[in-house]
Protein chains: 2
Amino acid sequence: MTDMVKLFKALADPSRVRILKMLQVRPLCVCEIREILDLAVSTVSQHLAILRDAGFIYDVKENKWVNYYLHRQNQDKAVQALLQLVQDPALFGDEIHRLDADRVHRVDRNQLCRL
Amino acid sequence: MTDMVKLFKALADPSRVRILKMLQVRPLCVCEIREILDLAVSTVSQHLAILRDAGFIYDVKENKWVNYYLHRQNQDKAVQALLQLVQDPALFGDEIHRLDADRVHRVDRNQLCRL
DNA sequence: CCTTCATTTCGGCAAACGCCGAAATATACA
DNA sequence: TGTATATTTCGGCGTTTGCCGAAATGAAGG
């Protein structure tokens, strides 16, 4: 499979697009994302692996948590272009993404992390 | 499913991306595409339906054939942007697509259409 | 009207995908 | 060292996807 199709596959899922949009607000740990998406932790972890594998995000382990960041500096031009596109609210503005962004502001990992 | 994910799903298949790249060279009928992809006619027809449903292509019936065109004027900005991206050889240049383009120049529907 | 032929639709099958809970891993800290 | 906790990996399950051949559709020409 060509690399470009791998990128599109990574974006071809509602939850994964939501994750990218959420990371636009700020870096998040797995359990924060889990809280907002309301999916099993294992499922979220797999989504994150797919996005990371495609190059859209990267993770940094900090203390107890693994923080996920948008990979804005990825040198792959296709990844850059697609990330740009997904982030553009004029192209891809969806009600659910606005709600998610609000929730990102409110979630506190110290409150909700008792899986 | 949000519309944007529908667009990504349409692009998340090697054959469908190949079709878009081929249509960049010139409009094609189903059996020309079938010849190059080497898939069943019904399969090609389904791929085309998915791409058309997403807004990336449209079809015009002409004589015996249904010609498929890139929908370059689609008013949907997301479709435009993605089509732009896919067509950019600097972002998505693949050997197979170059070969396909060559074959597009050579295929002749009058020769090969005896399914 | 009837045949021809390009295309689409249908039914079915195997592989891929998204989901889960449970087990494994890793990391902090007592 | 031992326990707690955040995350990943594993096995399995139901759904979706991509593929095919066969049947249906639709338009052109005899």
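Let's start at DNA strand C, which has 27 residues around it; a residue counts as near a strand if its C-beta atom, placed from the backbone, lies within 6 Å of it. The closest are Ala40(A), Ser42(A), Cys29(B), Ser42(B) and Cys113(B). Keep in mind that this is a predicted model, where local features need pLDDT of at least 70, side-chain atom pairs count only at pLDDT 80 or more, and totals for chains, interfaces and linings use all residues. Residues are numbered from 1 along each chain as its sequence is written, while chains are lettered from A and ligands numbered from 1 in the order in which they are written.

Which elements supply at least two residues each of the surface near DNA strand C? From chain A there is α4 (41-54), and from chain B there are α3 (30-37), α4 (41-54) and β3 (65-70). These labels follow DSSP runs, with helices (H or I) of at least four residues and strands (E) of at least two, numbered from the N terminus. The largest share, six residues, comes from α4(B). Sorted by class, this surface has 12 nonpolar, eight polar and seven charged residues. Here Ala, Val, Leu, Ile, Met, Phe, Trp, Tyr, Cys and Pro count as nonpolar, Asp, Glu, Lys and Arg as charged, and the others, Gly among them, as polar.

Now follow β3(B) into its sheet. Three strands of chain B make an open, antiparallel sheet in the order β1-β3-β2; two strands pair if DSSP finds at least two bridges between them. The edges are β1 (28-29) and β2 (57-62) of chain B, each pairing on one side only. Between β2(B) and β3(B) there are six bridges, and Asp59(B) sits opposite Tyr68(B) of β3(B).

How do the two chains relate?

Finally, look where the chains meet: 19 residues of chain A are in contact with 19 residues of chain B, contact being C-beta atoms, placed from the backbone, within 7 Å. On chain A's side, α1 (3-11), α2 (14-25) and α5 (77-87) each supply at least two residues, and α1(A) gives the most, five. That side has 14 nonpolar, one polar and four charged residues.

Note on methods: Two residues are in contact if their C-beta atoms, placed from the backbone, lie within 7 Å.
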